[in-house]
Every structure is written in C-alpha cells, then in structure tokens.
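Q: I have a structure here and a few quick questions. Can you walk me through it?
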Amino acid sequence: MITVLFFAQLREQLACEEATLAAGSVAVAADLVPALIAANPQWAEVLQSRPWLLSVNQAMAKPVTTINDGDEVALFPPVTGG
Amino acid sequence: MTDVVEHDLVQVQQEDFSLAEHYARLEQLAGNTGAVVFFIGKVRAESEVDPVQALELEHYPAMTEKSLSRLVAEARERWSLDAITIVHRVGKLAVGAQIVLVAVSSRHRDEAFLAARFLMDNLKTRAPFWKKEHRASGARWVAAREQDDVAAAQWFSQ
C-alpha cells in the first residue's frame, strides 16, 4: 500500500489530507496523478489544474523516481516558506 | 532529530524565537569565529487598502527538518563554517511577527554572508512550507514567486 498526503491548497481543494493506493498501481512518480484519478475520478479537475510537486519518502521526487510498496508520497503546490 | 553536525541547530516551532538567545548559543561555540550573519524574515502587511492581518504557515512535519538539514549539509560542503542555525515558525502569525531565523558564523565574513543567502534562497524553494494570507477580504494561499526560483537556481548554474 502507498500512502499519499496532500498539503496547502491541494488539501483544501480535494477536501482530503491523505489517501492510499494499491501497491501495484504506481511504479514511478509520473504514474501517481493518473492512478489517483483512476481511483477517485472526482479529483480529475483539481489534480490536472496545474503541475504539483511530489515527494517520495520526504525527499523531492522527479517523474522517474521509483515508488515502492510502503512508501509515503506527498503532492503539493510550489512551496512558499521563509 | 537531525543529522546536522553538533554545532548546527535546525528547529521548526510555533513559539517565537529570541535573537539574543540564538546569538548566545553561537557565542558559546565560537572558537575561531570572526563573523556572524543573522537573517530574520517577518510578516508584512503588504497593502494599506486590504492589509494582511495574519499569516498562516502550514508544513509537512515529517519532511521539514529533513529538508532544512539537507540545506545545512549543502552549505557546509560549499563553505567553511563554524555554526549554522535555522529556526522556522509554523501556525498563525500576526503582522510584524518573526517567521524565520538563519544564523551563520564563520572565520571571515564572506562565507557567513554567502551561506546565509544560500540557505534563505534554497529554503524558500525547497523546504515544504506554505503560507496563507488572512485579510479582511478573505484568505488566500500565497503564490510561489518566479524570482525566488531564479535566486535559488543561480547557486547551481556553474
């Protein structure tokens, strides 16, 4: 199972903090948004509205970053701290 | 907490911080320190017409200190530094409140200035914090600024 966390406006727009995906449904980071939409079609508009940043196990990920069973993935807008 | 070296401090907290206390910590460590640079970021009102009343800072707790510690390690690879402090607040902050402290001590001023700038530029684009502004007209998430990306990218352009 893969845990997916949402932050900031993405969390608000989806009205969801955390989702799970079946382990086999994603191989790399680029698969994540299509897999979330397949599991939750009502999220398509928000998830496709802009590119979101992605982390895998608390490190920033690229589209080719591998996702394994048990990983914690997060999707969020560009960061604005400081 | 983090894998930063003994002289370094990375903290994410709701409470305010004291510049004097953090300076005192650096003073205790000072061996060959000849320069200390402090940066403090604060909450701005932004506008007279519809001023920001408060700023809400959200973060990704499991990732935040890891990201900041990675920046500290990268700064240490680039420059010879005595001690690094990063303190970042989260939660709801009033106008004028302190948001972030970056302190760097080193033997000479160039390293301290450069490392402080590097840490702030990269913290703004690589650490998982998000700001939401509260105004009389409503609340909205702050958009990322392209100039922040440009500032952070310049450190990796050579």
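A: Start with a term: two strands pair if DSSP finds at least two bridges between them. And keep in mind that this is a predicted model.

Q: Fine. Which order do the strands take in the open sheet of 4 strands in chain B?
A: The order is E5-E3-E7-E8. The pairing in this chain B sheet is antiparallel.

Q: And which strands of chain B stand at the edges?
A: Strand E5 (91-94) and strand E8 (138-141) of chain B. Each has a single partner strand, so one side of each is left without a neighbour in the sheet.

Q: How much are neighbouring strands of this sheet turned against each other?
A: By 25° on average, with direction ignored.

Q: Zoom in on one pair. How many bridges join E3(B) to E5(B)?
A: There are 4 bridges between strand E3 (residues 52-59) of chain B and E5(B), and the two run antiparallel. One place to look is Leu57(B): its bridge partner in E5(B) is Gly91(B).

Q: What holds paired strands together in general?
A: Strands of a sheet pair through backbone hydrogen bonds, either parallel or antiparallel.

Q: Now the helices of chain B. At what angle do H2(B) and H3(B) pack?
A: About 145°. Helix H2 covers residues 61-78 of chain B, helix H3 covers residues 109-126, and their axes are 10 Å apart.

Q: Left-handed or right-handed crossing?
A: The crossing of H2(B) and H3(B) is right-handed.

Q: Which residues meet there?
A: From H2(B): Ser67(B), Leu68(B), Leu71(B), Ala75(B) and Arg78(B). From H3(B): Ala115(B), Phe118(B), Leu119(B), Asn122(B), Leu123(B) and Arg126(B). By type, the contact divides into 7 nonpolar, 2 polar and 2 charged residues.

Q: Step back. How many helices and strands does chain B have?
A: Chain B has 4 helices and 8 strands. From the N terminus, the elements run β-α-β-β-α-β-β-β-α-β-β-α.

Q: What radius of gyration does chain B have?
A: 16 Å. A compact globule with 158 residues would have a radius of gyration near 15 Å, so chain B agrees with that. Its C-alpha trace spans about 50 × 35 × 30 Å along the principal axes.

Q: How much of chain B counts as buried?
A: 35% of the 158 residues. On contacts: of those in chain B with a separation of 6 or more, 76% are between residues 24 or more positions apart.

Q: Switch to chain A. How many helices and strands?
A: Chain A has 3 helices and 5 strands. The elements go β-α-β-α-α-β-β-β from the N terminus on. The radius of gyration of chain A is 12 Å, close to the 12 Å of the globule rule for 82 residues, so chain A is as compact as a globular protein of that length.

Q: What share of chain A is buried?
A: Buried residues make up 30% of the 82. The C-alpha trace of chain A spans about 30 × 30 × 20 Å along its principal axes.

Q: What is the strand order in the sheet of chain A?
A: It is an open sheet of 5 strands in the order E2-E1-E5-E3-E4, with mixed pairing. The edge strands are E2 (18-21) and E4 (59-60) of chain A, and each pairs on one side only.

Q: What packs on the sheet?
A: Helix H2 (residues 32-39) of chain A. This helix touches E1, E2, strand E3 (53-56) and E5 of chain A. Its direction makes about 95° with that of E2(A).

Q: In which sense do E1(A) and E2(A) pair?
A: Antiparallel, over 4 bridges, with E1 at residues 2-6 of chain A. Val4(A) stands opposite Ala19(A) in E2(A).

Q: What is Glu18(A) in contact with?
A: Leaving aside neighbours within four places in sequence, Thr3(A), Val4(A) and Leu5(A).

Q: Last topic. How many residues of the two chains are in contact?
A: 14 residues of chain A are in contact with 21 residues of chain B. Helix H1 (8-14) and strand E5 (72-76) of chain A are the elements that give two or more residues to the chain A side. That side divides into 8 nonpolar, 6 polar and no charged residues.

Terms used:
Residues are numbered from 1 along each chain as its sequence is written. Chains are lettered from A and ligands numbered from 1 in the order in which they are written. This is a predicted model: local features need pLDDT of at least 70, side-chain atom pairs count only at pLDDT 80 or more; totals for chains, interfaces and linings use all residues. Two residues are in contact if their C-beta atoms, placed from the backbone, lie within 7 Å. Ala, Val, Leu, Ile, Met, Phe, Trp, Tyr, Cys and Pro count as nonpolar, Asp, Glu, Lys and Arg as charged, and the others, Gly among them, as polar. Axes are lines fitted to C-alpha atoms, for helices over the stretch in contact, and angles run from 0 to 180 degrees between N-to-C directions. The radius of gyration is taken over C-alpha atoms; the globule rule is 2.2 Å times the number of residues to the power 0.38. A residue is buried if 20 or more other C-beta atoms lie within 10 Å of its own, exposed if 12 or fewer, and partly exposed in between; C-beta atoms are placed from the backbone. A crossing is left-handed if the near helix is turned anticlockwise from the far one by less than a right angle, and right-handed if clockwise.
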